[in-house]
Structures are given as structure tokens and as C-alpha cells.
Amino acid sequence: PLVSLWVDVPNEPGARELMFLRRVSGQNGPRFQGFLVDWSRLQIALHEQIADLAAAASLTPVLDEATFEAEAGRMLATMPVSLAMTPLRAEVVSSALPRWSLGVTWGALVIALLAFGFGFRAVISYGEKRSRFASAVTHELRTPLTTFQLYSEMLADGMITDEAKKAEYLETLRLESRRLSNVVENVLTYARVEDGRTTIRPVRLTIGELVDRMRPELERRAGDTGATLKLELSAEPDVELRTDPEAIGHVATNLIDNACKYACVEEGAEVRVRISVDGSSLILVVEDDGPGIPADQRSAIFAPFERAGRESSNIPGVGLGLSLSQNIASELGGTLRYLSDHSGACFELRIPKA
């Protein structure tokens, strides 16, 4: 292989030329082959290649063995030339790369990582929510539909001849149809809320008229489970309101429905509904005598598809009632909250009178 070395220039004391030489063998014995290098031009060409990275670098010939050993760490691989890097002045470094730019870069990187983390978590949460929704709704629809199919086929085929049994089956079909209607209504209303398509239609009415509108549906729902509804009005019936009675009735029905499912397990259990006025607010409180909601489950009860740890129970439900009711309360300009200072479950709906 060719080896580079510095050689003396004849008749020019102190002058050196860069030469590449190698020994070759032939018929006439060994001889040397090589070529001279124009070092001045090569030095300029090499410097141009590193000018963007090290503009202040210099290439210095290594002419003796002592210098070669001292500069061994900076020697080029193929030539006896040392590469010297001149440190940049502090002000040059500062002007080339301001400190704040490094901080901005790291800040942007941290923000990007946080955004990715939140986005990834949101995608996982959305997937889990869809899975829970499909599972809950499928289960809630399958049960009444199975009952409908079985009982209707038995009645249509004349398999039930006893009139009392027929009446029992027809009553079961009526209750299952209401249950199915409630599930579908909650799912459709939740879809409208998620899409931002809820519409509050306020009308003028008195508290007495509001109670008269809600009472039949609330008593019917409580009666379906054998519970007793106790409705107390602690305000003058002629107090005027401007609100949406359908929206308030939807919230009250969901609260009564939850109380009947989770607390009224015994015949004759009581659910109390108290309606009052506090300044400019209308207050509706629904309370039962059940076990209430465990303290470690209360923070999640208003999340969609959450059932306070009762997901695996045989109690029907999708887990949309409280989440939907809280969203409706917000649309009405009010709040829905759980009151923990009661023996059973107690919820308070507070909305403005107008």
C-alpha cells in the first residue's frame, strides 16, 4: 500500500514536499513507485470540507518523529498531518446558539411528549368507553327482547290458557316494553348530548303545575318495583318558574329509577322526593333508604357507563342515567350532586327558577 511521508526538496534547504510511495517487486528487482502532492492546494480542499463544522481548524504537517508521537491523537489517518481545533470564544458560541433557544427546544419536546401521552390515553379511554357502551346496551336490549319473543310466541300459539297466567304474562310484557323504552330514550338522549344537539325549551309554569306533570310518571315508575313514592312540596304551588319541565322530569325519572333498582329491594320500600325553593333556585331532592354509594365509588358515579361497582350484578342498567342527568342539569344552568350526609343515597338537583 502507498505510504505518505514528507521528503526534502533538492537544492531548497528546509523545503518539504508530501509524497506517497510504495515498494513493488519486478523482474529487475524491487523498485519504488509514488507521486508528489501539491500540499498547498490539498490543504485548502481539506479545509473547505470541514469549514461548516470547524471554521477555525488548521492542518499542520508533522515533520519529525517526536512531533508525530505528541500529535498522535490528532493525526489524519492517511497523511502525517495534524488537525488542530481552535476553541471558539464564549461570545461566538453564545451568538451562534442562544441559551433560550435550547430551552425552547426542550420545552417543545416536553409539550409534544405530553400531547402524545394525553392523546394516547384519550384513544385508549375512547376505545374502552365504546366497548362498555356496546356491552351494556347489548345486554340491556337482549333481555327484554328475549322476554318479548318468548312470551309473545307462547301467547300467540295458545300455549297459555289460564286467564290469570295470561294477565301475568301481559303485565310482564308491559313492564319490559317500558324498560326497553327507557333504555332507548337514555341512549338517544346521551347521543344528542355527546353531539351537542340538546335543546332546552323553557316555558312558564308554576311549581304546582310542574309537580302535577311529573307525579304520574314518578309514581308509575316506583309502583313498577313495588316501592312507594312520597312527594313533598315545601314551597307555594303558585311560585312561577321559567324552565323546561320535560328536562326536569327526565332527571327526576332517572333518579327515581336508580333508587328503585338499587335501594327498593323489599316490597313497600319508600322513595322520597322533596321540592323546595331557595332564593332564586328550584331544589329537587331524591332520597332512599338503601345502602347508599360507597365512599370510594362516589367520584366516578357521574361518568358514563359507571355503575358504582355494580357492573357484574344482575340489576339492569346501562350506566348512563347519572351522567345524562348531570349534563341536563348543566344545560338548565344548574347542578346535580350527591349528598353524602344521609344514610341512603341522596341526590340534589338545583336549577335557577328562570
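Q: Two strands pair if DSSP finds at least two bridges between them; how many bridges join strand β2 to β3?
A: Helices (H or I, at least four residues) and strands (E, at least two) are DSSP runs numbered from the N terminus. In this predicted model, strand β2 comprises residues 16-26 and runs antiparallel to β3. The bridges that join β2 to β3 number nine.

Q: Which element of the chain has the highest mean pLDDT?
A: The model is predicted, with local features requiring pLDDT of at least 70, side-chain atom pairs counting only at pLDDT 80 or more, and totals for chains, interfaces and linings using all residues. Residues are numbered from 1 along each chain as its sequence is written, and side-chain values use heavy atoms, without hydrogens and water. The chain averages a pLDDT (the predictor's confidence in each residue, from 0 to 100) of 82, and 90% of the residues score at least 70. Helix α3 (residues 90-96) has the lowest mean, 50, whereas the highest, 93, belongs to β12.

Q: Why is one side of β7 and of β11 left without a neighbour in the five-stranded sheet?
A: The open sheet has the order β7-β9-β10-β12-β11, with mixed pairing. Strands β7 (228-233) and β11 (335-338) lack a neighbour on one side because they stand at the edges, each with a single partner strand.

Q: Which residue of β12 is the bridge partner of Glu-287?
A: Strands β10 (residues 281-288) and β12 (residues 346-352) pair in the antiparallel sense. Seven bridges make up this pairing. Within β12, the partner of Glu-287 is Cys-346.

Q: What angle does helix α7 make with β10?
A: Helix α7 (residues 245-262) packs on the sheet, in contact (heavy atoms within 4.5 Å) with β7, β9, β10, β11 and β12. Axes are lines fitted to C-alpha atoms, for helices over the stretch in contact, and angles run from 0 to 180 degrees between N-to-C directions. The angle between α7 and β10 is about 15°.

Terms used:
Two strands pair if DSSP finds at least two bridges between them.
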